[in-house]
Amino acid sequence: MYTKILGTGSYFPEKVLTNKDLEQMVDTTDEWITTRTGIKERRISVDEPTSVLGMKAAEKAIEMAQIDKNEISGIIVATFTPDTTMPSTACVIQNLLGIQNNSFAFDLAAACTGFIYALSVADSMIKSGIADKILLIGAERISPNVDWTDRNTCVLFGDGAGAVVLGKSKEPGFRSFHIHADGSANRLLTLDTLGSNFMANRKNMNIEENLIKMKGNEVFKIAVRAMAEATAKAVESSGLKYEEVDFFIPHQANLRIIDAAAKRINLTYEKVIITLDKFGNTSSATIPTALDIAVRDGRIKRGSNIVSAAFGGGLTWGSTLFTF
């Protein structure tokens, strides 16, 4: 028995923030951002919380899967920007969707690798018989957590959500998973605001000083190696050959990191799904949104073999290979 993707969905808020707009906000230029990241614009949620972004992506995935929403055994939301610490965003989305079968619901936090981590959990739950169908969502409203005076981080992030419905199948689905972490590097990429450490000392803490912080050069060096190695490992342990991989869906953080990972498995650029130019880094939402876009525009079809890899704060990284 395999776990198969039955349907995909994605949603982005309407507001577009371009590199030209950022030139008016911080000391940067369109050329500087594009050259170093490949990003041209990103979407910003004005008033839609993470739960609403996720709900709207989920509705599209459920529609494509052609199932009744109450067939869903559980909801997993990969996010590091939940609406609230409690309740979980997954529980809020269950209510927004009107699912009334008391299915399980929980959030999973692994930063930008969250969707890969959550896929591995969902795959295990379905194969073990705990769940029949799982709604898995990667959703982030990162913009409120960004320091818009820090040109090294504010140019990178955007808001959005992607979703998949997973179910049992006798046909090949997910073929391999690899998930990793290096906690010794946990201070290279951080968001301390509203964590319990922050709240315990909130009288002496400044929210603006505890927004997203990143030591970019150090993160970049580790990400290039980790993404490339994880991508290769996913293919080599899947039973498929490199030439049998149809598409690569990487985490959309930096074009140079993506290029390095693609070269590691000898993939031509035409086989790499790129969305960061239009949407920036939406963390756990980058992979499911890129998947949905490529499915709906006809590039990815049933039977396509796809390798995917991600890297994020923690530090965390992971990869998977699956047949759509």
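Analyst: Phe174, Phe177 and Phe322 form one aromatic cluster. The model is predicted, so local features need pLDDT of at least 70 and side-chain atom pairs count only at pLDDT 80 or more, whereas totals for chains, interfaces and linings use all residues. Residues are numbered from 1 along each chain as its sequence is written, and side-chain values use heavy atoms, without hydrogens and water.

In total, the structure holds 5 aromatic pairs (rings of Phe, Tyr and Trp, the last by its six-membered ring, with centres within 6.5 Å; planes under 30 degrees apart are stacked, over 60 edge-to-face, the rest tilted). The pair of Phe12 and Phe279 is stacked, because the ring centres are 3.7 Å apart and the planes meet at 5°. Phe12 belongs to the loop between β1 (2-11) and β2 (15-18) and Phe279 to helix α9 (residues 276-279), so this pair ties together parts that are 267 residues apart in sequence (helices are DSSP runs of H or I with at least four residues, strands runs of E with at least two, numbered from the N terminus). Phe12 is buried at 12% relative accessibility, and Phe279 is buried at 12% (buried means under 20% relative accessible area, exposed over 50%, partly exposed in between, with a 1.4 Å probe and protein chains only).

Phe174 and Phe177 are likewise a stacked pair, with 5.4 Å from centre to centre and 20° between the planes. Phe174 is buried at 3% relative accessibility, while Phe177 is partly exposed at 22%.

Charges also sit over rings (NZ of Lys or CZ of Arg within 6 Å of the ring centre and within 35 degrees of the ring normal). Arg256 lies over the face of Phe220, 4.7 Å from the ring centre, and Arg302 over that of Phe324, at 4.1 Å.
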